[in-house]
Amino acid sequence: MRIHRRFVTALLLIFCPWFVVFGAESDDTRTTMPDIVVLGTPAGSPGSEMISGEELSRAPAADGGDLLRAVNGVSAGRMGGRGLDPAIRGQSQGRINVLVDGAYVFGACPNRMDPPSAFAAPYSWDQVLVLKGVQTLRWGGGGSGGTVIFQRETWPDERGVTGRAGAAASSNGTNQSLFGDLQFAGEKYYLRGRLFEEDAGDYEDGNGDAVRSAYEERGAAVETGLTITGADRLEFSADVTRGKDIRYSGAGMDAPKDDLDAYRVKYRTALGGADLQFEAWHSKVHHLMDNYSLRQLSSPMAMRVPARSTTSGARAVVELPLGETWRTTLVLDYLDNSRHATRFQGPAPGDVNTVNSYLWPGAEIRDTGLVAEASGSVGSGNLTLGVRYDYVDAGAGKADKAPASPMLRSPDELYRAYYGRASGDARENSFSALARYERPLWDGGPSIFAGVSRTLRTADATERYIAANSPMNPAMRWVGNPGLDPEDHRQADLGLGWQRSSWELSGAVFYDDVRDYITPDRARGQPGILLDDGARIYRNVSAEIYGLEVEGRFDLTRHWRLEASAAYVHADNTDDNRPLPQIPPLNGRLQLARYSGSWDVGARLRWADKQSRVDDDPATGSGLDARETPGYGVLDLFARLSGPTLGELGIGIDNLLDKTWADHLNRGNQDPFNPDPVQVNEPGRILWVNWSRDF
């Protein structure tokens with residue numbers, strides 16, 4: 001492995017302050033400085049980050065994906081102003097388990113205009129837990145890149161009525177948002193309601209060019225809980241989100257509608273020393289996209305795609321003590337997701353009624369999982385061992401349904417043409433395992449961890465069943481592969497964390513040997529691919545992913561703090577000897593801030609190296625990378641004022657120097673008349689203000 005020169009520079013930048021503070025005596029009289037603005041407060045275990053409720057309300061983020069970009073090792077692909085799709089350690093989409101209040105929600109756009117994190121408005125949650133890599137098997141199959149859990153606190157300690165209200169606005173795109181949170185708690189019950197709304201216009205990049213990014217979103221949530229007897233607790237929650245007029249620069253269509261309805265129920269009890277929990281959830285996402293409602297029709301054909309995604313699931317958890325220092329967790333879970341999407345075409349916006357493609361032809365994936373995990377003390381450390389079994393059953397009930405035109409094919413006909421088989425039923429038996437050990441090297445010294453795991457991920461609905469027709473230009477076809485094998489990730493990671501009163505350091509290295517990695521590609525008659533016409537298809541290949549993350553915090557004086565972080569990922573398709581697409585370059589942050597009780601002020605530099613390891617040529621690879629992305633450095637300023645009457649007021653300027661820049665991660669454009677990837681520029685200079693107050 002060749003160490004990049006700029007990466008060495010980043011390491012020196014992070015660790016040089018170490019030499020200043022390493023020999024310093026601990027100063028117990030220092031002012032305790034809050035972790036604000038930069039998100040990702042360590043969650044108590046190396047490789048995990050906790051974003052607190054206070055940080056969530058301060059973050060000028062459009063949605064959950066935008067919020068997560070502030071965590072070291074997390075990137076996100078932008079398509080517009082909303083719906084940023086996160087990647088952890090270079091792995092994204094189905095390789096990350098994203099849970100909202102313990103439940104799965106899957107979007108209804110085949111092109112991922114609405115990834116799960118799009119339905120997690122930052123001010124709707126009390127905290128967010130980010131687990132990098134594989135640290136547990138209890139949250140579902142897959143999760144090779146990591147797990148993100150948007151959490152809500154329940155059973156408040158304070159009785160009576162409490163609440164919070166807030167507002168935010170920014171100059172670039174005239175983004176405005178409001179939120180409210182009201183809670184009433186009695187001795188054995190509570191009721192909590194939340195509301196939010198957000199309106200955003202198109203922002204401008206550093207060149208002053210408008211970027212299609214406007215959207216409107218409204219949401220409400222209600223939660224209630226009741227203590228029945230003793231430890232028996234019953235909870236219910238419901239969420240409603242309404243997205244409207246969502247514009248995308250990185251796609252050939254916009255979304256006039258993107259709606260979520262979600263319901264969850266939880267029951268907890270204790271029995272004979274064991275803790276038992278049962279939870280169930282159900283959600284529906286209705287999505288509509290077209291190429292004419294929110295933009296001028298520039299194509300010879302008007303198109304619209306109504307789509308829906310329905311997700312149901314349940315989880316039963318039993319936690320049992322094993323002696324004095326060990327505890328076992330048993331989990332039985334079930335997940336059922338069905339997706340339907342049909343593309344209609346017509347000569348004009350008023351006449352779009354002819355079926356062009358059954359994009360998701362009744363795709364359904366069901367996963368039943370069984371987990372056993374044990375954790376406890378071994379010597380001076382803690383050991384976690386786990387095994388998981390998943391039975392996956394997948395099918396496409398409408399794959400034999402063909403459009404009326406003889407020039408257009410049914411999904412099964414497309415599958416046969418490219419892979420030599422129809423959809424049928426797919427059944428998989430997958431076994432995963434985990435071993436993870438953590439211990440301090442000595443009292444007061446650094447804590448180290450090491451983990452090894454094997455996890456399997458089944459193909460998602462798009463990888464397995466997408467079926468987009470294009471009779472005249474095969475390069476515009478998009479055809480899933482019903483015969484894909486599940487990805488087999490064999491990982492190891494090793495890390496260290498060291499925390500003292502005035503400084504903190506952490507770092508991790510990771511390696512992932514992937515067998516049967518599911519990669520998007522172009523049809524060129526590869527093994528298992530019957531045609532050589534440039535259509536977008538999916539294949540299993542061997543892959544290798546490795547990298548490292550480092551970060552540090554240094555209290556330079558009683559009030560001044562320096563923070564720095566960097567992350568690097570290297571990923572290859574080893575079968576074809578080319579880079580995997582959509583891998584972030586070396587990137588990081590450097591922040592200097594002053595914290596002084598009622599007011600804080602600081603500056604932050606966000607930076608990334610050039611990404612020259614790309615898969616940008618559809619003639620020889622997937623073409624999903626738009627280009628070799630230049631490096632960047634973006635300077636932000638921020639301040640915070642707080643008081644009992646004022647509440648908390650935050651102000652800032654992002655991209656102070658009005659740079660033109662883009663994240664390397666783009667979203668592969670599936671415009672039926674322009675299949676080339678589009679890289680969307682990030683916003684230029686933004687002045688923002690946010691306010692919140694507890695009552």
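This is a conversation about how some descriptions of a predicted model are reached.

Colleague: What should I keep in mind about numbering and confidence here?

Modeller: Residues are numbered from 1 along each chain as its sequence is written, and side-chain values use heavy atoms, with hydrogens and water left out. The model is predicted, and local features need pLDDT of at least 70, side-chain atom pairs count only at pLDDT 80 or more, while totals for chains, interfaces and linings use all residues.

Colleague: Why is A566 called buried?

Modeller: Buried means under 20% relative accessible area, exposed means over 50%, and partly exposed lies in between, with a 1.4 Å probe and protein chains only as cover. A566 has a relative accessible area of 0%, and therefore counts as buried. A566 lies in strand 30 (residues 560-573), where strands (E, at least two residues) and helices (H or I, at least four) are DSSP runs numbered from the N terminus. A566 and V550 are 16 residues apart in sequence and 5.5 Å apart in space, C-alpha to C-alpha.

Colleague: What makes K132 and E49 a salt bridge?

Modeller: A salt bridge is a side-chain nitrogen of Lys or Arg within 4 Å of a carboxyl oxygen of Asp or Glu. For K132 and E49 the N to O distance is 3.6 Å, so the pair meets the definition. The pair links distant parts of the chain, with K132 in strand 8 (residues 127-132) and E49 in strand 2 (residues 48-51), 83 residues apart. Both K132 and E49 are buried. A search of the whole structure finds 62 salt bridges.

Colleague: Why is helix 5 described as mostly covered?

Modeller: In helix 5 (residues 411-419), 7 of its 9 residues are buried, namely P411, D412, L414, Y415, A417, Y418 and Y419. What covers these buried residues includes strand 21 (354-378), helix 6 (461-465) and strand 29 (536-555). Just after helix 5, G420 takes a positive phi of about 75°.

Colleague: What makes the phi of D101 worth a remark?

Modeller: Most residues other than glycine have a negative phi. D101 has a positive phi of about 55° although it is not a glycine, and its place is in the loop between strand 6 (96-100) and strand 7 (103-104). At 8% relative accessibility, D101 counts as buried. The phi of D658, another residue other than glycine, is positive and near 55°, and D658 lies in the loop between strand 35 (647-654) and strand 36 (686-694). With a relative accessible area of 26%, D658 is partly exposed.

Key. Contact means heavy atoms within 4.5 Å.
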